[in-house]
Amino acid sequence: MVLAAEAQNQPQSPVATVGQSAIGELPPTNDPKEIIRRSVEMDHHNWELAQSYTCQQREVEKQLGKHGEVKSTEIRTYDVNFYYGDEYSRLIQKNDQPLSADEKKKEDEKLEKFLAKRRSRSDDEQQKEWSKRKKEREQERAFIRDMVNAYDFKLAGEEKVDGADTWVIEATPRKDFHPTQPHADVLSKIKGRVWIEKKEYNWVKAEAESMDTISFGLFMVRVHPGTRFSFEQIHLNDEVWLVRRFYLNGGVRIALLKNMSGEQEDTFFNYKKFSTTTHILPGVREVPSDPPPK
């Protein structure tokens with residue numbers, strides 16, 4: 001069995017970060033747009049730290065009927081790990097039951113195929129992969145930065161969430177928004193609210209709702225108006241905020257033919273930090289390993 005640490009002997013991507021020390025030097029502010037701007041910069045700092053954490057992910061997918069009744073439920077649990085710098089989710093349970101011998105064998109073969117491909121990469125191929133990944137991350141950051149100009153922000157209040165003092169900020173799409181990145185036009189179709197902790201401008205949780213049809217993949221997938229999204233984060237080891245829960249509820253049309261109404265909830269637990277040469281770092285606190293309620 002290959003350890004997660006095997007992946008970390010590869011060179012690290014040279015990306016500049018905005019850390020807590022830089023954020024701490026900024027003057028105090030209650031301007032909601034400036035708070036959002038600072039939180040966007042902190043996102044990259046969190047993203048880099050997150051590359052040193054593994055976890056488990058429990059995905060509950062429900063198909064709903066016309067009146068909201070549950071027609072079917074599928075539950076999948078994954079081990080989320082990093083190998084050679086790439087994230088990999090390995091299925092370990094279905095419907096909260098261990099995989100059968102045949103299913104486990106298939107997952108082992110899939111992982112070995114994934115690893116073999118990455119072991120065989122030449123230095124030139126590895127460098128190209130790093131360059132591609134860096135470009136994709138820069139595009140993601142630019143997309144997130146577009147959000148600062150996509151909305152009118154309103155400070156709706158202050159709340160304490162899981163012990164953190166937060167600003168509550170409402171986001172309403174601006175009619176004069178001109179996206180600079182591909183697909184950033186979807187921001188004009190989403191409204192929401194975000195809770196940002198005051199110490200380092202990290203997102204503690206967020207709620208959003210689609211106001212219009214959102215299309216993906218040349219209209220192969222359409223998200224209906226009224227679809228709701230939310231996520232929550234947890235503060236780990238006094239250094240990083242990581243996703244604890246993601247939730248989606250709404251309607252989707254696939255290939256302009258099939259309408260589906262569903263609900264999906266992903267919970268992330270058993271976060272563990274690893275080093276480049278060892279297993280789990282000693283003295284590092286883990287998220288409580290109890291799985292979420294069934």
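Visitor: At roughly what angle do the axes of helix α2 and helix α4 cross?
Guide: This is a predicted model, in which local features need pLDDT of at least 70, side-chain atom pairs count only at pLDDT 80 or more, and totals for chains, interfaces and linings use all residues. Residues are numbered from 1 along each chain as its sequence is written, and side-chain values use heavy atoms, leaving out hydrogens and water. Axes here are lines fitted to C-alpha atoms, for helices over the stretch in contact, with angles from 0 to 180 degrees between N-to-C directions. The axes of α2 (residues 32–50) and α4 (residues 123–150) come within 9 Å, and they cross at roughly 165°.

Visitor: Is α2 roughly parallel or antiparallel to α4?
Guide: Angles under 35 degrees count as roughly parallel, over 145 as roughly antiparallel, 65 to 115 as roughly perpendicular and the rest as oblique. The axes of α2 and α4 cross at roughly 165°. That makes the two helices roughly antiparallel.

Visitor: Which residues of α4 make the contact with α2?
Guide: Contact means heavy atoms within 4.5 Å. From α2 come K33, I36, R37, V40, E41, D43, H44 and W47. Their partners in α4 are R137, R141, I144, R145, M147, V148 and N149.

Visitor: How many helices and strands does the chain have?
Guide: Helices (H or I, at least four residues) and strands (E, at least two) are DSSP runs, numbered from the N terminus. On that basis, the chain comes to four helices and 13 strands.

Visitor: How far apart are the end C-alpha atoms of α3?
Guide: The expected span of a helix is 1.5 Å times one less than its number of residues. The 19 residues of α3 (residues 101–119) should therefore span 27 Å. The model agrees, with the end C-alpha atoms apart by 27 Å.

Visitor: Which residues does A50 contact, leaving aside its neighbours within four places in sequence?
Guide: A50 lies in helix α2 and is buried, with a relative accessible area of 18%. A50 and E239 are 189 residues apart in sequence, yet 9.9 Å apart in space, C-alpha to C-alpha. With those neighbours set aside, A50 is in contact with F82, V240 and L242.

Visitor: Is E232 buried or partly exposed?
Guide: E232 is in strand β11 (residues 228–236). Beyond its neighbours within four places in sequence, its contacts are V204, K205, L242, V243, R244 and R245. At a relative accessible area of 25%, E232 is partly exposed.

Visitor: What is the phi of Y201?
Guide: Y201 is in the loop between β7 (190–197) and β8, and it counts as buried at 6% relative accessibility. Its phi is positive in a residue other than glycine, near 65°.

Technical notes:
Buried < 20%, exposed > 50% of the residue type's maximum accessible area, 1.4 Å probe, protein only.
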